[in-house]
Amino acid sequence: MAVTFSDLHTESGLKSLNDFLTGKSYISGDKLTKDDIKVYAAVLKNPGDSFPNVSQWYNCVSSHLAASFPGKAVGVSLAGKADPAQSAEAKSPAADDDDDDLDLFGDETEEDKKAAEEREAAKKSAKKKESGKSSVLMDVKPWDDETDMKQLEEAVRSVEMPGLLWGASKLVAVGYGIKKLQIMLTIVDDLVSVDTLIEEYLTVEPRNEYIQSCDIVAFNKI
């Protein structure tokens, strides 16, 4: 429920605030919020021992603000009367709305969180669009000369993941009747790790029935 304070520059206003702060550390809840900042701005100065609850609260808010603004202040005073038109503008609902948007201590609303998540998603999307690609030439070696090389190649090409594109391939003689599969692939650098591809996909079950090992022959940025 919203709480209204008035005439905080007068003793009667300070008394109502002092009564309200009895048994409380902050205006709303158990931590500093924008409500404290608004009320703090309306209290001209620490009222001292005359209003002990206000004085203690005022010191607490001051310490938070000092931590947030570590620069050395020389002190200023305000004098003179505001222009009536400016005063009316300052009291307008639009000005109050601006105050509501001011959050010095990170009290995020659901809208703030959603906006932050959308910005983060947009950054990640832009990063992916800008991500580089690489062309890789890989040797895939069978266990022996009895390994079915057609099934070996099918096992290799069965690996599918975002950012991975298999290319041309050929069989290259190694010796003693054994051939290896030499295959091209194109990867999106931020999405595919060649080490992960080999260690977690190509040389584990069930593909390791045909594949003994894999070696990178060439790795070039596109």
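The angle itself is about 80°, and the two axes are 7 Å apart. Here α1 covers residues 11–20 and α3 covers residues 52–68; both are DSSP runs of H or I with at least four residues, numbered from the N terminus. Axes are lines fitted to C-alpha atoms, for helices over the stretch in contact, and angles run from 0 to 180 degrees between N-to-C directions.

Who touches whom? On the α1 side, Leu14, Leu17 and Asn18 meet Pro52, Asn53, Val54 and Trp57 of α3, with contact taken as heavy atoms within 4.5 Å.

A quick word on the model: it is predicted, with local features needing pLDDT of at least 70 and side-chain atom pairs counting only at pLDDT 80 or more, while totals for chains, interfaces and linings use all residues. Residues are numbered from 1 along each chain as its sequence is written, and side-chain values use heavy atoms, leaving out hydrogens and water.

Zooming out, the protein has eight helices and four strands, a strand being a DSSP run of E with at least two residues. From the N terminus, the order reads α-α-α-α-α-α-β-α-β-β-α-β.

The strands form an open, antiparallel sheet in the order β2-β3-β1-β4; strands pair if DSSP finds at least two bridges between them. At the edges, β2 (164–175) and β4 (211–221) each have a single partner strand, so one side of each has no neighbour in the sheet. Ignoring direction, neighbouring strands are turned by 20° against each other on average. Further in, β1 (residues 133–142) and β3 (residues 178–188) pair in the antiparallel sense over eight bridges; Asp139 has Gln182 in β3 as its bridge partner.

Two helices go with this sheet. Helix α7 (residues 149–157) packs on it, touching β1, β2, β3 and β4, and its direction makes about 15° with that of β3. Helix α8 (residues 194–202) lies across β1, β2, β3 and β4, and runs at about 165° to β4.

As for the whole chain, 27% of the 222 residues count as buried, meaning under 20% relative accessible area with a 1.4 Å probe, protein chains only.

Technical notes: Buried means under 20% relative accessible area, exposed over 50%, partly exposed in between (1.4 Å probe, protein chains only).
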